[in-house]
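Visitor: I would like to learn how to read the features of a model like this one. Please take them one at a time.

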Amino acid sequence: MALWRVHVELEDIPGRLGELATAVGAAGCNIISLHVVGEPADDGSVTDELLVKVPDLADPATLVDEITAAGIPCTLLVRADATELSDPTTTALALARMVAADPGSAPRAVATLLRARLVDPAATDVEGHAHTLRVGARQLRLGRGWPFTATELSRAAALLELAAQLAMRAPARADDAERILLLRDGSEVRMRAAGPDDRLLVAALHARCAPETRRSRFLSPAPRLPDDQLDELLGAGAGRPPGSVVLAVTADGGSAVGLANLDPEPAGPATTGRVAVLVEDAWQGRGLGTALLRRAADAAVELDMVELTGIARPDDLGVTRLLRRAGLRPSAEIVDGTVRLRAALPTPVP
C-alpha cells in the first residue's frame, strides 16, 4: 500500500467525522492518522490532515471522489512518507527539547516540524510552496510541495521565539571551535574538535563506561581500546575534515565525558556518513548525547552529506531514540543480526 496525505475541510457537525471515515472506507482505503492543521473558518469548519493508506492498484483520485461525494471538500492530495507516521505531539516536544539544548538548531527543528526544507531567502525558483518566517531579527524561508497553514506557521514561530529567548541566556563562548554547552541539569561541558593529543582522555572515558555502554557504542564490552582503534577514533592519519570528531570535556577540561565520530560510510557514496556517539554513564540523561549527535550532523551537512547511518544491536534502541531527539527521522533494517540505521539530513541554507 502507498501512503497519501489528504487535507479536508471538515464542518463542526455531529457525525461528520464518521461520514469522512465511511467515505475513505468506501474507496478501499484506511485512515492511519488525523490531526487539525488549520484555523477554524467562520462556519466552524477546520482543515484536517489525514495520512491514508491507499492500495497499490487503486487510483487515489477515487479517494477524492468518495470524500467529495460525501459533501466534504478535499483540498490536497499528495504522496507521503512512512517516516511521517510518528505522533505529531511527541515530535514537537522532542524538537522543543532539541532547541532548548541548542538554540542554534531552531532552523532545522522548524523544517522538521513542518516537514519542509530550508531554502535560500534570495531564491526565486523555489519548487512548490515557500514561506518566510520572521521572529525578531531571525528570518527563515521554508519550502515544500503543499501549502503551509496558519496553525502550522504559528507552531513554527513558537519554536523560533523559544530559541530567541534561550539564545539571550546562553553562556558566552569564544568561538565555534570550543563551545560551552549548558546541559539540562545546569552543568556545563566544553565541546571541541578532538585530535590525536586526546588519546589519554578518550582511553580514560572508555574505561570509565559500563560494559553495556561500551557494547552499545563498539558492539563489544572490552574495557580497553587497542592503540590502533584509538588512533582510528581520533583521526590520526585519516585525513578527516575538521569537526568530524567532537569531544565533550568537563568545564575545567580535565576529563572527557562524551565523543562523537563522523566517518564516510565504508563502501558507500561520498554523500553518506556513519555517525557514532559515546557518553559516560554518569553524564547520560542530560542532553549531551543529543548535542553531540547534532554537532556531528551539522558537520555532515557542511561536508555536503545528505544521509547519516549507524549500527546497533537488535535489543538496543538508544541510537534510534538519539537520532529522533536530534530532530532526524531514522529508518532501520536488520542485516546479519545487526540493526542498520539510516536518517536523511536536512537541506542546508546556502
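Visitor: How many bridges pair strand E1 with E4, and in which sense?

Guide: Strands of a sheet pair through backbone hydrogen bonds, either parallel or antiparallel. Here strand E1 (residues 2-10) pairs with E4 in the antiparallel sense, over 5 bridges. Two strands count as paired if DSSP finds at least two bridges between them. Strands (E, at least two residues) and helices (H or I, at least four) are DSSP runs, numbered from the N terminus. Val6 has Leu77 in E4 as its bridge partner.

Visitor: What should I know about the model before going on?

Guide: This is a predicted model, in which local features need pLDDT of at least 70 and side-chain atom pairs count only at pLDDT 80 or more, while totals for chains, interfaces and linings use all residues. Residues are numbered from 1 along each chain as its sequence is written, and side-chain values use heavy atoms, with hydrogens and water left out.

Visitor: In what order do the strands of the open sheet run?

Guide: The order of the 4 strands is E2-E3-E1-E4, with antiparallel pairing. Strand E2 (30-36) and strand E4 (74-79) are at the edges with a single partner strand each, so one side of each has no neighbour in the sheet. From one strand to the next, the twist averages 20°.

Visitor: Which strands does helix H1 lie across, and which does helix H2?

Guide: Helix H1 (residues 16-26) lies across E1, E2 and strand E3 (46-54), and runs at about 145° to E2. Helix H2 (residues 60-69) lies across E1, E3 and E4, at about 160° to E4. Axes are lines fitted to C-alpha atoms, for helices over the stretch in contact, and angles run from 0 to 180 degrees between N-to-C directions.

Visitor: How do I read the packing of H1 and H2?

Guide: Two packed helices are described by the angle between their axes and the distance between the axes. The axes of H1 and H2 come within 8 Å and cross at roughly 145°. Leu20, Ala23, Val24 and Ala26 in H1 meet Leu63, Glu66 and Ile67 in H2, where contact means heavy atoms within 4.5 Å.

Visitor: Which residues touch the most other members of the largest nonpolar core?

Guide: In soluble globular proteins, nonpolar side chains tend to be buried together. A nonpolar core is a set of buried Ala, Val, Leu, Ile, Met, Phe, Trp, Tyr and Cys residues joined through side-chain atoms within 4.5 Å. Buried means under 20% relative accessible area, exposed over 50%, and partly exposed in between (1.4 Å probe, protein chains only). The largest core has 33 residues, and Val189, Met191, Leu288, Leu292, Leu308 and Leu345 touch the most other members. H9 gives the largest share of this core, 9 residues. Another core, of 19 residues, lies apart from it and includes Val99, Leu114, Ala116 and Leu140.

Visitor: Is Thr338 buried or exposed?

Guide: Thr338 counts as buried because its relative accessibility is 17%. Thr338 is in strand E15 (residues 338-344). Beyond neighbours within four places in sequence, Thr338 is in contact with Ile311, Ala312 and Glu333.

Visitor: Where does Leu219 lie?

Guide: Leu219 is in the loop between helix H7 (211-218) and helix H8 (227-233). With a relative accessible area of 37%, Leu219 is partly exposed. Not counting residues up to four places away in sequence, Leu219 touches Arg214, Ile311, Ala312 and Arg313.
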